[in-house]
Amino acid sequence: MAHIIGGIGASHAPSMEHVYDAGAEVRESDEWAPLFGPFQEVSEWLGAIKPDRLVVVYNDHMDAFFLDAYPTFALGVAETYPIADEGFGARPFPPIAGDAALGWHIARSLVADEFDITICQELEVDHGVISPLPMVDFSEGDSDWKIPIVPLAVNVILHPLPTPRRCYKLGQALRRAILSYPEDLRVVVAGTGGLSHQLTGTAFGAVREEWDKEFMRLLAEEPETLCDYTHEQLIKLGGTESVEVVNWLAMRGALPATARPIVEAYYAHRIMGYGLAAYDAAGSPA
Amino acid sequence: MPTTPETSELSADYLRRLAAVQPSDLPPELDLFDESTARRGIRLNKAAYSLKDAHQRDLFAKDEEAWMEQFGLTDGEREQIRARDWIGLWRGGMSIYVMVKLSGVTNTPLPEIGRQMRESG
């Protein structure tokens, strides 16, 4: 039987890719150490607990999915996930290994649980996955990824969006899917996106540090409270694009209520409220 | 809504959820990409989305007018693209996520789009 041994909430942003790709000196600079230092802690934690799989709840940014047919929830069931070309040429990373058998099991379990996802045998992943992933899961020495993934994309772009409560319940259904998988795998569930940011209009660049920190506290201590927020409230609190935080809520739903963060970091910088949280779930009763 | 045998099936909880799914009380600086934007921006979004493809980026660089010809854009939309009128494109329904792809082929840094956005009020 598979187990969930941890969770990660992490912002995603092209800026994180630019900094990562610029090399260790930039990552460790005074400007970026407040973000990349905590990522290093999470990387070391993952190195110690050695998960067999990462399930990544994220959102695409019109790189795999387009407005002709936009899926509300879309699950990868592929053996490999190529890196998307977002309009500038794809970043020079190898495709990320998947686990088709686990993906298909999750698909069956979610449908049994009345989450009728779009099932993707081919899926290119964009910065929703690969802006935070190299910081915690890429071996620069081996030039390869370490942990196979199962990606699960949530529509946070084209309203109407799935509600925060629905995304939390998706996480709870994901938990059942993993716990019912017969293979003895140790799984970490990640949710990427947010925190506060606003990319259009006169409020472009607005960051809401106070709310972001309160969101991270509520996620740890009272995730059910966050389920009662509407998208309108989230947008007023954190900006139009901050609704990506529902991906963190899905991650939290997959963890035991008693799980608590062992790494928590927040860095408001330029146009982003960057958040990072790692939850240990290995010893927590459900 | 008048009460009829049919509407009485619609519980208060359902009606509350239906109202909440479409944000309706946002200040003008917090816009949404929703039915109105999606319908308005369908041509512009299709055009900018095409730039994921390197061949489309090459065509844009070589012959911008020929590139635009593919998407049934209106005269006004073509003029907004020619003028790099980011605010006009945004008001025309272009999603920020495909606008970023157009910013790439036009060598426009995001902070410049941000500056125009902030000054658009």
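**Reading the model**

Guide: Of the 286 residues in chain A, 53% are buried. Please keep in mind throughout that this is a predicted model.

Visitor: How many helices and strands does chain A have?
Guide: Chain A holds 11 helices and 12 strands. Its radius of gyration is 17 Å, close to the 19 Å that the globule rule gives for 286 residues, and chain A is therefore as compact as a globular protein of that length. The C-alpha trace of chain A spans about 50 × 45 × 40 Å along its principal axes. Among its contacts between residues at least 6 apart in sequence, 82% join residues at least 24 apart.

Visitor: In what order do the strands of the open sheet lie?
Guide: The 8 strands of this open sheet in chain A follow the order S6-S3-S9-S2-S10-S1-S12-S11, and their pairing is mixed. Its edge strands are S6 (118-120) and S11 (260-269) of chain A, each of which pairs on one side only. On average, neighbouring strands of this sheet are turned by 15° against each other, with direction ignored.

Visitor: Which strands illustrate the parallel and the antiparallel sense?
Guide: For the parallel sense, take strand S1 (residues 3-10) and strand S10 (residues 186-192) of chain A, which pair over 7 bridges; here Gly7(A) stands opposite Val189(A) in S10(A). For the antiparallel sense, take S11(A) and strand S12 (residues 272-280) of chain A, joined by 9 bridges, where His269(A) stands opposite Met272(A) in S12(A). The hairpin of S11(A) and S12(A) has 2 residues between the strands, and in it Arg270(A) takes a positive phi near 50°.

Visitor: What should I look for in a nonpolar core?
Guide: In soluble globular proteins, nonpolar side chains tend to be buried together. In this model, the largest nonpolar core has 117 residues, and those with the most contacts inside it include Val56(A), Leu174(A), Val189(A), Ala48(B) and Met99(B). Helix H7 (residues 164-179) of chain A gives the most to this core, with 7 residues. Leaving aside residues up to four places away in sequence, Val56(A) touches Val129(A), Ile149(A), Pro151(A), Leu152(A), Ala190(A) and Thr192(A).

Visitor: How many residues does each chain bring to the contact between chain A and chain B?
Guide: The size of an interface is often given as the accessible area lost when the parts come together. Counted by residues instead, the contact takes 30 from chain B and 29 from chain A. On the side of chain B that touches chain A, the elements giving two or more residues are helix H3 (42-49), helix H8 (96-105) and helix H9 (110-118) of chain B, and the largest share, 6 residues, comes from H8(B). By class, that side of chain B has 16 nonpolar, 7 polar and 7 charged residues.

Visitor: Is Thr200(A) buried or exposed?
Guide: Burial is judged here by counting neighbouring C-beta atoms, with 20 or more others within 10 Å as the threshold; Thr200(A) has 26 and is therefore buried. Thr200(A) lies in the loop between S10 and helix H8 (209-221) of chain A.

Visitor: Which residues does Thr200(A) touch?
Guide: Not counting residues up to four places away in sequence, Thr200(A) touches Thr240(A), together with Asp31(B), Trp90(B), Ile96(B) and Met117(B). As for separation, the C-alpha atoms of Thr200(A) and Val77(A), which are 123 residues apart along the chain, are separated by 34 Å.

Key
Residues are numbered from 1 along each chain as its sequence is written. Chains are lettered from A and ligands numbered from 1 in the order in which they are written. This is a predicted model: local features need pLDDT of at least 70, side-chain atom pairs count only at pLDDT 80 or more; totals for chains, interfaces and linings use all residues. Two strands pair if DSSP finds at least two bridges between them. Helices (H or I, at least four residues) and strands (E, at least two) are DSSP runs, numbered from the N terminus. Axes are lines fitted to C-alpha atoms, for helices over the stretch in contact, and angles run from 0 to 180 degrees between N-to-C directions. The radius of gyration is taken over C-alpha atoms; the globule rule is 2.2 Å times the number of residues to the power 0.38. A residue is buried if 20 or more other C-beta atoms lie within 10 Å of its own, exposed if 12 or fewer, and partly exposed in between; C-beta atoms are placed from the backbone. Two residues are in contact if their C-beta atoms, placed from the backbone, lie within 7 Å. Ala, Val, Leu, Ile, Met, Phe, Trp, Tyr, Cys and Pro count as nonpolar, Asp, Glu, Lys and Arg as charged, and the others, Gly among them, as polar. A nonpolar core is a set of buried Ala, Val, Leu, Ile, Met, Phe, Trp, Tyr and Cys residues joined through C-beta atoms within 7 Å.
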